[in-house]
Amino acid sequence: MNSGVAITGMGIISALGNGVEANFNALIKAQDGICFPEMLKTKHTSLPVGEVKTLNLDFENKLQLADNRSYTRAALLGIIAAKEAIKSSGLNAKELLTTGFISGSSVGGMDATEKYYLEYESSDAHHQFIPAQHPGFTTNKISEHLNIKGFTTTISTACSSGANAIMLGARLIKAGELDRVIVGGTDCLTKFTLNGFNSLKILSEEKCKAFDDSRNGLNLGEGAAYLVLEAENLAKDKRIIGRVLGYGNANDAYHQTAASETGEGAYKAMKDALEVAGIGAENIDYINAHGTATRNNDLSETNAIKQLFTSVIPDLSSTKAFTGHTLAAAGALEAVFSILSLQNNLIFPNLNFSKPMKESGLLPITELQNKTVNYVLSNSFGFGGNCTSLIFSKNE
Amino acid sequence: MSRTVYIIGIGAISAQTEESIFLEKPIIYNSNIFQAISPNFKEYIPAMALRRMSQVIKMGLTAGKMALQDANVELPDAIITGTGEGCKQDTEKFLESMLSQQEELLTPTSFIQSTHNTVGGQIALNLKCSGYNVTYSQESASLESALIDSVLLLNEKPSLNSVLVGGVDEVSNRITSFGYLNGFLKEEEIENLSLFSKKSEGTITSEGAFFFNLTTENIKDSYAQLKGVTNFKAESSIEISEKITEFLLKNSLRSQDLDIVFLGKNGDLEQDKVYDELQNTIFSETCQLAYKHLSGDFKTVTGFAIWLSCLIFKKQQIPAILKLNAIYGANPKNILLYNLSSNTNHSLILLQKP
């Protein structure tokens with residue numbers, strides 16, 4: 001087993017609330033953040049979503065941003081979450097000048113594009129948002145606002161972006177290329193993604209039921225989460241809240257959007273993560289599954305898990321029913337939940353589950369459970385066959 | 001980084017061809033937005049699949065396969081992609097339908113293909129490559145980010161020996177033309193070859209795909225050694241010079257050891273001042289080349305300069321159409337690529353003749 005990479009801070013904003021504490025409280029009370037869209041102006045008012053109930057303007061005022069400074073909603077969510085991570089790690093302004101920033105985003109500033117696209121040619125009122133469509137713009141807005149000046153990049157691998165950002169950060173620290181980096185992801189609800197997933201007919205009109213036999217689709221969500229990763233020489237005198245122990249990324253190479261039935265990519269990603277972590281499958285105490293509640297994902301993921309965990313399947317739950325599927329932010333949100341699980345020796349429930357899938361009989365944990373948690377495996381899979389698994393451990 | 005990384009296969013699609021540049025017959029365009037010259041995609045992609053693909057997917061997949069064929073590699077261990085603006089054509093298509101149909105009766109094809117990692121995913125799918133697969137979208141540092149990850153990957157896993165890495169960006173009708181509105185493109189239409197003589201704001205743009213097969217074995221036909229890649233932030237010209245010197249030093253070189261510097265000048269009056277300053281100071285004794293008058297400027301265009309550098313090493317010939325000064329870089333061994341995207345974001349790529 002290796003010693004992994006130290007995590008010294010974390011921050012989150014999701015439909016469960018603003019901040020780690022608010023999210024934790026909702027998780028232990030089994031209170032989801034799913035309801036109908038209010039902030040997002042869409043025709044599809046009866047599709048449940050995991051929405052952050054704060055208007056952009058209120059975020060701008062709270063953050064004391066000057067008017068008209070082209071912050072996308074994903075940037076606003078990202079700033080809130082990254083600020084909390086920085087504060088909890090105790091980083092000062094000088095340290096941020098040499099800190100790296102790796103953020104995952106799938107649609108970047110699409111919220112601005114879909115609002116102003118038709119008016120760009122007739123009015124110059126919102127031209128500052130023209131380049132905002134592309135994910136790097138949102139990342140740069142966050143790093144500029146927080147004055148983070150080290151290596152900065154954006155990963156855009158759809159729903160595994162945030163997990164891949166955590167993986168890259170851990171790898172750069174291990175290689176000695178960086179000694180401190182803020183990693184995670186951000187995505188906001190947009191009409192573009194809501195309609196996109198709706199056109200694929202994979203949105204549920206009810207609260208999503210991951211791993212249930214009658215599951216009928218996902219709920220979209222929005223949010224952002226970041227971790228602060230530090231090299232041993234910097235972390236040794238600090239409070240280490242957990243470790244990134246293993247990671248793996250593989251491609252399913254089966255279909256642009258659908259996962260293979262056997263979950264080839266998912267299996268390989270989990271297997272690689274165990275190998276990097278240097279632990280056996282039997283050591284995993286909890287799997288925070290990707291578990292989107294689509295027919296396709298949950299079956300494929302289950303099959304991959306069964307193939308890897310041959311003797312006993314670890315306790316497992318999907319937390320998507322709490323937050324909705326937050327796309328590029330999902331892996332980052334669930335990294336925070338994984339660390340909370342390690343810190344509190346708790347397994348968060350898989351909400352809305354009643355009947356196991358007939359193909360597998362898999363039973364997720366449906367009530368908050370107290371048990372020793374030393375190793376958590378967190379899965380994030382995305383379009384383009386992109387599969388990522390991360391393993392988090394206690395600092396021991 | 002301990003392992004040496006070599007480029008052993010190249011594949012490029014752009015608004016120019018190898019012949020147009022090395023035979024000094026550059027292709028001339030009279031619009032500030034121009035398209036790439038398409039190869040015969042059917043040689044690389046089945047006709048059925050081709051019909052559903054946007055330009056960025058066709059170009060990316062084809063350039064990727066060209067690089068693999070060139071390197072004689074059937075299946076790479078990893079596929080790492082950079083794209084600044086992703087799948088604009090499909091994004092535009094889905095967005096316009098959604099807006100005009102008021103969120104009703106939408107078909108998913110263009111949405112499915114709009115995600116930034118579509119090209120990387122499609123290459124994996126085509127090759128049945130289940131290895132590591134990541135896509136970077138960090139504006140003008142997207143390809144550089146992909147290269148940094150490639151070098152990192154080859155160093156951490158000795159079992160990996162072949163990484164397919166590339167950058168790709170496409171032109172789309174509406175989104176690309178927004179460049180006229182926000183000052184990215186020149187207001188007045190110009191001929192591409194006059195890019196550096198027009199003293200006005202803005203630039204010209206196009207599209208392309210540039211893929212490279214990287215390995216750690218120096219086979220006899222390798223094009224170049226990828227010595228180093230970095231993205232950095234700097235605000236003053238002194239700070240930029242310092243960062244460049246620091247980067248060269250890290251690679252055991254001084255600025256006078258460079259045979260060629262490839263500059264990302266794009267004809268924008270303000271931005272080019274940063275290059276002018278470097279041309280007159282640390283690079284004053286170096287053979288200076290430019291390329292955006294041939295390729296146009298777009299987020300992953302440094303791939304075009306890497307491709308040209310590989311060919312310059314191989315042919316030991318520097319086309320006159322690239323030259324910015326009279327210094328001749330005889331028998332070029334060290335080439336530095338310097339590019340800036342805004343006045344604060346910069347990138348450097350160092351290539352060496354193997």
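What radius of gyration would a compact globule with 354 residues have, and what does chain B have?

1. Basis of the note. The structure is a predicted model, in which local features need pLDDT of at least 70, side-chain atom pairs count only at pLDDT 80 or more, and totals for chains, interfaces and linings use all residues. Residues are numbered from 1 along each chain as its sequence is written, while chains are lettered from A and ligands numbered from 1 in the order in which they are written.

2. Overall form of chain B. A compact globule with 354 residues would have a radius of gyration near 20 Å, and chain B agrees, with 20 Å. This radius is taken over C-alpha atoms, and the globule rule is 2.2 Å times the number of residues to the power 0.38. Along the principal axes, the C-alpha atoms of chain B fill a box of roughly 60 × 50 × 40 Å. Of the 354 residues in chain B, 57% are buried (20 or more other C-beta atoms within 10 Å of the residue's own, with C-beta atoms placed from the backbone).

3. Elements of chain B. Chain B has twelve helices and ten strands. These are DSSP runs, numbered from the N terminus: helices are H or I with at least four residues, and strands are E with at least two.

4. Domains of chain B. The domain assignment gives domain 1 (6-215) and domain 2 (224-352) of chain B; such bounds come from an automatic or database assignment. The centres of the two domains, taken over C-alpha atoms, are separated by 21 Å. Their contact takes 48 residues from domain 1 of chain B and 40 residues from domain 2 of chain B, where contact requires C-beta atoms, placed from the backbone, within 7 Å. Helix 7 of chain B gives the most to the domain 1 side, with six residues.

5. Contact between the chains. In the model, 50 residues of chain A are in contact with 46 residues of chain B. Helix 8 of chain A gives the most to the chain A side, with five residues. That side has 17 nonpolar, 24 polar and nine charged residues. Nonpolar covers Ala, Val, Leu, Ile, Met, Phe, Trp, Tyr, Cys and Pro; charged covers Asp, Glu, Lys and Arg; the others, Gly among them, are polar.

6. A helix pair in chain A. Helix 1 (residues 20-28) and helix 13 (residues 330-344) of chain A pack at an angle of about 70 degrees, with their axes 11 Å apart. Helix 1 of chain A is therefore roughly perpendicular to helix 13 of chain A (65 to 115 degrees). A:V20, A:N23, A:F24 and A:L27 in helix 1 meet A:V336, A:F337 and A:L340 in helix 13.

Definitions and conventions:
Axes fitted to C-alpha atoms, helices over the stretch in contact; angles between N-to-C directions. Parallel < 35°, antiparallel > 145°, perpendicular 65-115°, else oblique. Contact = placed C-beta atoms within 7 Å. Buried ≥ 20, exposed ≤ 12 C-beta atoms within 10 Å, placed from the backbone.
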